[in-house]
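These notebook entries record what I looked up in one structure.

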Amino acid sequence: MADFIDVAVIGAGVVGCAVARELSRFRVRVLVLEKELDVATGNSSRNTGMLHAGFTYKPGTLKAECAVEGNQEFDQVARELCVPFKRTGKLVVGFTDKDRENILKYKEIGEKNGVKGLRMIDKEEIAAIDKNAGGEFAMYVPSSGILDPMQYTIALAENAAMNGVSFVFGSLVTAISRVTDEEGQSFYRLTTSSGDYEARWVINCAGMYAPEISEMLGYPKYYQRGFKGEYYVLDKKAGLSLSIPVYPAPNDKGGFSTHATPTVDGNVLVGPDSYITEGREDYANTLAHMNGLFADGSKMFKDMRREYFIRNFAGIRWKNCDPETGEVKDFILEASDSHPCTVNLVGIESPGITCALPLARRAVSLFVKGEEASGREVPENKSFNPCRERPKRFYEMTLEEKEEAIRKDPDYGQIVCRCENVTKAEILAAIRNPLNVHTLTGIKNRTRAQMGRCQGGYCMTRITELLEEEGITPEDIRYQKADGYIFTGKVRP
Ligand SMILES: Cc1cc2nc3c(=O)[nH]c(=O)nc-3n(C[C@H](O)[C@H](O)[C@H](O)COP(=O)(O)OP(=O)(O)OC[C@H]3O[C@@H](n4cnc5c(N)ncnc54)[C@H](O)[C@@H]3O)c2cc1C
């Protein structure tokens, strides 16, 4: 083997980055291969950012087990990784007898799964918790919370990188073959758009493309169906009138339709709805669904107004399904002697953000067991540091802290994004990020610049100037995708 890699992780969504971080607790050489130019460009950035409690998943499933575990440990995880997180609780509200029946059914399931503190409340108590929450009655879920899923994925990746993991972006895995060299050593050769890599182990974390990678590794090409959901993002004025996520009663299959969720930064997300799509990356928003969101969202959030809309987006939950009946199945997490040195994760749909670290620990324990079974030691990484720091954002600082920051670094005195109050110092820190990502969405997800009311209308050109000052020529700047160029050349000398 030319360039020795112990484990190749395919995919840098929240699951791949969590796996990479957990692998970095050991002294093994890990490479994450990601087809896009940054982490969290797939469904890990196209979701609600709820830390789910675990009351809708069938007892005994991986979904239930990992959701409850992931929920209970998240205060510590958020502290270690500096991830914006609030344990807000959640209201699951109902209007009809059928809603009450379903809520009570899922309350019982939640209790079986170990979700603590679930209780039914009446309309008066709903109003006391939040006057803008809809519903005639509700189940109060104290352990639910909200987090920033992009920041979480970035934090996992940065923590993995500081503990020794390497990331290669723009690297689409197109084929995998098992090779045995002259000395009888077997390994995998991964053919990618950025060249070939050789690794002893492969862990499949490819999200919606996991069935294809699964097949390349010799596992079945599992059958998935895409449940698309569209969203509205409401500006921070709406965030002032909603303090807690409000979900409608689950349907008979445990699914929710449109909900209203405050974000950690003070916006409100309305959505997602849910409908089947065939398009793998079909993230378009559609008028019919946006109108549906307005009608359904208004039942959850009484202060819903059209003037609050600042953006929309969509995500797709790729669920493992029975090809005959369409029945939704559990996450797949497996290793097999017939496909040595592989761990296969397929169908990690919702609640994949909540479950990422518990799933990663289970995946890494399959790797360790496999190594030990073949007589290899897996030494601990004694210098592993679970903590990743993130400098305080300017808008989070007190007046005194702001004055001190500007005194030490005058770049804190220059506001680049007016909507979100992001300074030149923060943009420069984001451009110099440890993963060496230079897309505009990379800077957006790291700083919130371009996320405000004007959606980058004011600051985007200033950010591109700063990128140029840092040595990135405008013609090389991409919005998000490898072919997402913004500039074609100078129009004036
Ligand atoms: C609408 C919606 C709402 C949701 N809400 C929540 C929620 O509130 N709470 C919660 O816990 N979960 C939620 N989820 C679920 C959660 O977002 C996903 O489970 C999670 O993001 C999946 O992460 P992943 O890493 O498996 O996949 P992804 O984020 O899709 O990452 C997979 C990565 O693999 C890369 N890749 C794919 N193929 C290749 C290849 N051949 N070579 C190289 N790279 C490749 C992709 O580019 C991608 O970056 C929601 C999901 C959706 C869609």
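For the residue classes I count Ala, Val, Leu, Ile, Met, Phe, Trp, Tyr, Cys and Pro as nonpolar, Asp, Glu, Lys and Arg as charged, and the others, Gly among them, as polar. I note at the outset that the model is predicted.

**Entry 1**

**Entry 2. Domains**

I looked up how the protein chain is divided. Domain 1 comprises 1–82, 146–221 and 324–390, domain 2 comprises 90–142 and 224–320, and domain 3 covers 394–476.

I next turned to domain 1 and domain 3, whose C-alpha centres are 30 Å apart. Their contact involves twelve residues of domain 1 and eight residues of domain 3. Which element gives the most to the domain 1 side? I found that α5 does, with six residues. By class, that side of domain 1 holds nine nonpolar residues, one polar and two charged.

**Entry 3. α1 against α5**

I examined α1 together with α5, which spans residues 149–162. Their axes come within 8 Å and cross at roughly 30°. Are the two helices roughly parallel or oblique to each other? Angles under 35 degrees count as roughly parallel, and α1 and α5 are therefore roughly parallel to each other. The crossing of α1 past α5 is left-handed.

I listed the residues that meet: α1 contributes V14, C17, A18, A20 and R21, while α5 contributes P149, Y152, T153, L156, A157, N159 and A160. This contact comprises nine nonpolar, two polar and one charged residues.

**Entry 4. α11 against α13**

I then examined helix α11 (residues 424–431) and helix α13 (residues 460–469). Their axes come within 10 Å, with a crossing of roughly 55°. At that angle α11 and α13 are therefore oblique to each other. I recorded the passage of α11 past α13 as a right-handed crossing.

On the α11 side I found K424, I427, L428 and I431, and these meet I463, L466 and L467 of α13. The class count for this contact is six nonpolar, no polar and one charged.

**Entry 5. Backbone details**

I looked up where cis peptide bonds occur. One runs from G271 to P272, with omega near -5°. P272 sits in the loop between β17 (268–271) and β18 (275–277). I noted another cis bond from S350 to P351, with omega near 10°.

Finally, I checked A40, a residue other than glycine whose phi is positive, near 55°. I located A40 in the loop between β2 (30–33) and β3 (50–51).

Technical notes
Residues numbered from 1 in each chain as written. Predicted model: local features only at pLDDT ≥ 70, side-chain atom pairs only at ≥ 80, totals over all residues. Axes fitted to C-alpha atoms, helices over the stretch in contact; angles between N-to-C directions. Helix = DSSP H or I, 4+ residues; strand = E, 2+ residues; numbered from the N terminus. Parallel < 35°, antiparallel > 145°, perpendicular 65-115°, else oblique. Left-handed = near helix turned anticlockwise from the far one by under 90°. Contact = placed C-beta atoms within 7 Å. Domains from an automatic or database assignment.
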